[in-house]
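Morning, everyone. Please have a look at the chain on the screen while I walk you through it.

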Amino acid sequence: MRALGVRLAARLRGGDLVILSGPLGAGKTTLVQGIAEGLKVRGPITSPTFVIARVHPSLVDGPPLVHVDAYRLGGDLEVDDLDLDASLEESVTVVEWGEGLVEGLSDERLEIHITRSGGDDDEARSVTLRGVGPRWADTPSDPV
């Protein structure tokens, strides 16, 4: 998952919205750790479940990473309270558990769904990418 995140980071730029979905333990935060590594932002990258959102500034004059965990958010009003649209244009915004909550932030986004391919102890994952809008028109939708 981390290596995939590093590869994804090479395609990301300020203004990008990435929405991650999948069950607990699927690897969403590990994917974000790889994205952070690829973007070269200040860490550490940990699950923001209790903080809800963290901003990680770039160490190399690139876009900051806004890492959000929407797991505990109760709806659109709580998403609005985070004011994510204020930094969306200059940041790479990655939202764990954002499906059904943050799509309205941008007409262009990358949706990533992660599932475990085997049992609970299996490290194998299936990752499906779905690009929405012209920015992501060339995104393959086949599982990675």
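Lys40 sits in the loop between α2 and β2. The model is a predicted one, so keep that in mind throughout. Is Lys40 buried, exposed or partly exposed? Lys40 is partly exposed, because its relative accessible area is 46%, which falls between the 20% and 50% cut-offs. Now look at the backbone. Lys40 is not a glycine, yet its phi is positive, at about 60°. Here is the background. Most residues other than glycine have a negative phi, and most peptide bonds are trans.

Which form does the peptide bond from Gly43 to Pro44 take, cis or trans? That bond is cis, with omega near 5°.

Now step back to the whole chain. How many helices and strands are there? The chain has three helices and six strands. Read from the N terminus, the order is α-β-α-β-β-α-β-β-β. The chain has 144 residues, and 45% of them count as buried. What about contacts along the sequence? Take the contacts between residues at least 6 apart in sequence. Of those, 57% join residues at least 24 apart.

Next, the helix pair. Two packed helices are described by the angle between their axes and the distance between the axes. For α1 and α2, the angle is about 45° and the axes are 6 Å apart. The two helices are therefore oblique to each other. Their crossing is right-handed. Who meets whom? On the α1 side, the residues include Leu4, Gly5, Leu8 and Ala9. On the α2 side, they include Leu31, Gly34, Ile35 and Leu39.

Some of those names come back in the core. In soluble globular proteins, nonpolar side chains tend to be buried together. The largest nonpolar core here has 23 residues. Which of them touch the most other members? They are Leu31, Ile35, Leu39, Leu65, Val94 and Ile112. Several elements supply at least two residues each: α1, β1, α2, β4, β5 and β6. α2 gives the most, with five residues. There is also a second, separate core of nine residues. Among its members are Ile19, Val95, Leu101 and Val102.

Take Leu39 as a close-up. Leave out residues up to four places away in sequence. Leu39 then touches Ala9, Leu12, Ser58, Val60, Leu65 and Val92.

On to a polar residue, Asp16. Where is it? Asp16 lies in the loop between α1 and β1. Asp16 counts as buried because its relative accessibility is 4%, and the cut-off for buried is under 20%. The Asp16 side chain reaches the backbone nitrogen of Arg13 at 2.8 Å. Beyond four places in sequence, Asp16 is in contact with Arg11, Ser91, Val92, Thr93, Arg135 and Trp136.

Follow one of those partners, Thr93. Thr93 is in strand β4. Thr93 is buried, with a relative accessible area of 0%. With neighbours within four places set aside, Thr93 is in contact with Asp16, Leu17, Val18, Val66 and Leu88.

Last stop, Trp97. Trp97 is found in the loop between β4 and β5. Is Trp97 buried, exposed or partly exposed? Trp97 is partly exposed, because its relative accessible area is 24%. Its phi is positive, about 60°, and Trp97 is not a glycine. How far apart are Trp97 and Pro23? In sequence, 74 residues separate them. In space, they are 9.0 Å apart, C-alpha to C-alpha.

Technical notes: Residues are numbered from 1 along each chain as its sequence is written. This is a predicted model: local features need pLDDT of at least 70, side-chain atom pairs count only at pLDDT 80 or more; totals for chains, interfaces and linings use all residues. Side-chain values use heavy atoms; hydrogens and water are left out. Helices (H or I, at least four residues) and strands (E, at least two) are DSSP runs, numbered from the N terminus. Buried means under 20% relative accessible area, exposed over 50%, partly exposed in between (1.4 Å probe, protein chains only). A polar contact is a pair of N or O atoms within 3.5 Å; within protein, one must be able to donate a hydrogen and the other to accept it, and residues adjacent in sequence count only if both atoms are side-chain atoms. Contact means heavy atoms within 4.5 Å. A nonpolar core is a set of buried Ala, Val, Leu, Ile, Met, Phe, Trp, Tyr and Cys residues joined through side-chain atoms within 4.5 Å. Axes are lines fitted to C-alpha atoms, for helices over the stretch in contact, and angles run from 0 to 180 degrees between N-to-C directions. Angles under 35 degrees count as roughly parallel, over 145 as roughly antiparallel, 65 to 115 as roughly perpendicular and the rest as oblique. A crossing is left-handed if the near helix is turned anticlockwise from the far one by less than a right angle, and right-handed if clockwise.
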